[in-house]
Amino acid sequence: MTADNINHLSFMPLENMICNSLENYLYKNATFLAERLYAQDTTNENSRFLLATCYYRSGQRKAAYNLLNSAHSIKCKYLFAKCCLDLDKAEEGKEKLLTIISNVETRNPLDSFNSTTKLNQTPDLASVLCLLGTLCKNARRPDEAAQYYVQCIKTNPFMWEAFENLCQKGKSTQLDIDEIFQPKTEKFTNNRSPCSDKLYNSQVFMSKPTHNGDKITPDPTRRTRPSSMIRHAAQPLTSTPASDNREKKRSRIGNEDVSLMGLDDENKCYRLGKDVRSLVNVENEVTEALQKTTLDPDNNYEKMEDTDWKSNRHEVLELLQKIAKGYAYLNQYECAKAIDAFTNLPKSQYYTGWVQSHIGKAYFEMVDYPMAERFFQKARQLEPYRLEDMEIFSTTLWHLRKDTVLSTLAHELVEFERLSPQAWCAVGNCFSRQQEHDLALKCFQRAIQLDPKFTYAHTLSGHESMANGNFEKAQEHFRNALNTNKRHYNALYGLANYYMTCDKKDQAEIHYKLAMEINPNHAVLMCCLGKVYEKMGRNDDAHQLYVRACLVTPQTPLAIFKKAKSLYKDRYYESALIELKRLKEIVPEEPKIYFLMGKIYKAMGDKVKALQNFTTTFNLDPKMMHVVKTAIERLDNDNEISMTTSAMSDTNLEGESSSSAAAAAFVGDDEEHNQHHQQDQVVHGEEDQSSAYTYDAFVDE
């Protein structure tokens, strides 16, 4: 044996010290020790892996990448692929993983309940499949990614990351959630015997039986008793020499104690002897139990299933099943079903930031901003440190015109983590609410700088560019958003608005339809497409979309208003009034409702009610004086009262452009949201916090 080999062997105990440092987050110490260990033998794959792990966990991705580039072991190649993922080298990482996938073992996912994972353990098949799916996703191969994710979840239902990514890709229908998360009885388990309590009290530990051909051997990774001890324990204690010796030894101790005691201590002596006999009886019971356990190869291992462990594993799977259903529904934009699924969770899970924020997103998709705010606020109370989905929360506050609350949220997020894109999106929404579009755009660009794949920031940048009249730049931002997430229907909505601005109605129709293919249940999208149909002269198609929008989300003011206006144009005055009266209960201080009602009463010949509604319109929004005055003057003639943009353009209280970036009407994915004002100007009433929709619910033609 050479001196180098001897030196290397002497350094082997460092592995435990390195692992201990990593487990205690002492990365600098672990890296120093790992470098010493690797220097002793640069060909040792385990030393290379430990050093690369230290580099990776301390944020030195490129160092780990270079170190592992020529590695050959499975775990080194797996870590190399992780580095490729972080360094945007998805294709290279995928190729490396494909070289080891046939050699990776499949582990029982339920074994994790019974064992402790080692730091340098070889990755299992489920982990490799999940990483392959993510690499394909980053390489823009969605179909391949979906295949790997499906295989991963079928191999291990606890791989939530794979399920989440699959849902975000719109591929959750490829899985049967009830079947995937259905608890199954495993044939071979690592559970305690029926007398588990006595075994643990007696300090008798069983090793996990594993199959090796026709033989059954203990699991070498778990603590076991020496084979001689197991052999002796498998026999009755009273019939073995070892047990006889133990009894004699204890008897001698008892006799010695008796000889030291006086005659008046006989009671104590009696109790001591009784305790010794009780201990022997316990050991006899333990021995009988051991004879019925896995040491006999002919036993049925299904009988060994520990009731408590089995129950715990089943409870976890049942919980994941419920959460998975809610998450899948949300990504399919079946928001009502998602809310029902999340509501049925146990209280301990229901009152968590993750569940509350996802319920908030569901309500946001349903254009129910007050309810969305309620759940986002609850999520903030439960987890003040939560950053995920806070950009959507900021949009919710924008819609509700709660500038003070929005400003507070942005301040708290920046103070807590100023390097998060969510914080800068919230700040950008604050500036957008104040019509500071240039500053808002800078904030959204800062978010992109922090995370180039943050789709939401790209979309917001597009809407701010629209607000500034830079339409070509807006188109570029929307396309960048789609490059990061093809299912981001908000970007498609933005492109459709861009084409409407350019008077390209055909292209606008195409992009609105593409957005609706992703989210077919969004009322605002239906209203936008309906408006395109009206401009194309397809009034019947537009009316059908408005009716459908009211059926999907009955409480959406924009859909109700569009339906009422469509009925008015078709001269269904009574039906239109019914819709408007229902709408007044939702947004009682929206002036456009009363203006349209005045027009309808005029058409019906009821000049008194028409005058009353025109007057109410003026009272709610004095800046509509010119339009209202013209309407009142025309009450005595048959000329149509116009509600066109040109007639009302000077009534916009804040002089906003309809392409205002922070006017998002809806949110698409987990990460993104859009802005609600279309290319027409919006007429709205006075600042009134009691109405959630006063500002943005109504888009005029």
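Visitor: Where does Q435 lie?

Guide: Q435 lies in the loop between α23 and α24; helices here are DSSP runs of H or I, at least four residues, numbered from the N terminus. This is a predicted model, in which local features need pLDDT of at least 70, side-chain atom pairs count only at pLDDT 80 or more, and totals for chains, interfaces and linings use all residues. Residues are numbered from 1 along each chain as its sequence is written, and side-chain values use heavy atoms, leaving out hydrogens and water.

Visitor: What makes the phi of Q435 worth a remark?

Guide: Q435 is not a glycine, yet its phi is positive, about 65°. Most residues other than glycine have a negative phi.

Visitor: Why is Q435 called partly exposed?

Guide: Buried means under 20% relative accessible area and exposed over 50%, with partly exposed in between (1.4 Å probe, protein chains only). Q435 has 23%, so it is partly exposed.

Visitor: Why is R140 called exposed?

Guide: The relative accessible area of R140 is 57%, so it counts as exposed. R140 lies in the loop between α8 (125-138) and α9 (142-155).

Visitor: How do you know that the length of helix α24 agrees with its number of residues?

Guide: The expected span is 1.5 Å times one less than the number of residues. Helix α24 (residues 437-450) has 14 residues and should therefore span 20 Å; its end C-alpha atoms are 20 Å apart, which agrees.

Visitor: Which residues of α24 are buried, and what puts them on the same side?

Guide: The buried residues of α24 are H437, A440, L441, C443, F444, A447 and I448. They cover an arc of only 160° around the axis, so they sit on the same side of α24; the arc is taken from the directions from the helix axis to the C-beta atoms. D438, K442 and Q449 are exposed on the other side of α24.

Visitor: How do you know that C430 is in no disulfide?

Guide: A disulfide is a pair of cysteine sulfur atoms within 2.5 Å. For C430 the nearest cysteine sulfur, that of C443, is 8.7 Å away, and C430 is in no disulfide. A search of the whole structure finds 0 disulfides. C430 has a relative accessible area of 15%, so it is buried.

Visitor: What joins the side chains of H543 and S566?

Guide: A polar contact of 3.0 Å joins them. The term means a pair of N or O atoms within 3.5 Å; within protein, one must be able to donate a hydrogen and the other to accept it, and residues adjacent in sequence count only if both atoms are side-chain atoms. H543 is found in helix α30 (residues 539-552).

Definitions and conventions: Helices (H or I, at least four residues) and strands (E, at least two) are DSSP runs, numbered from the N terminus.
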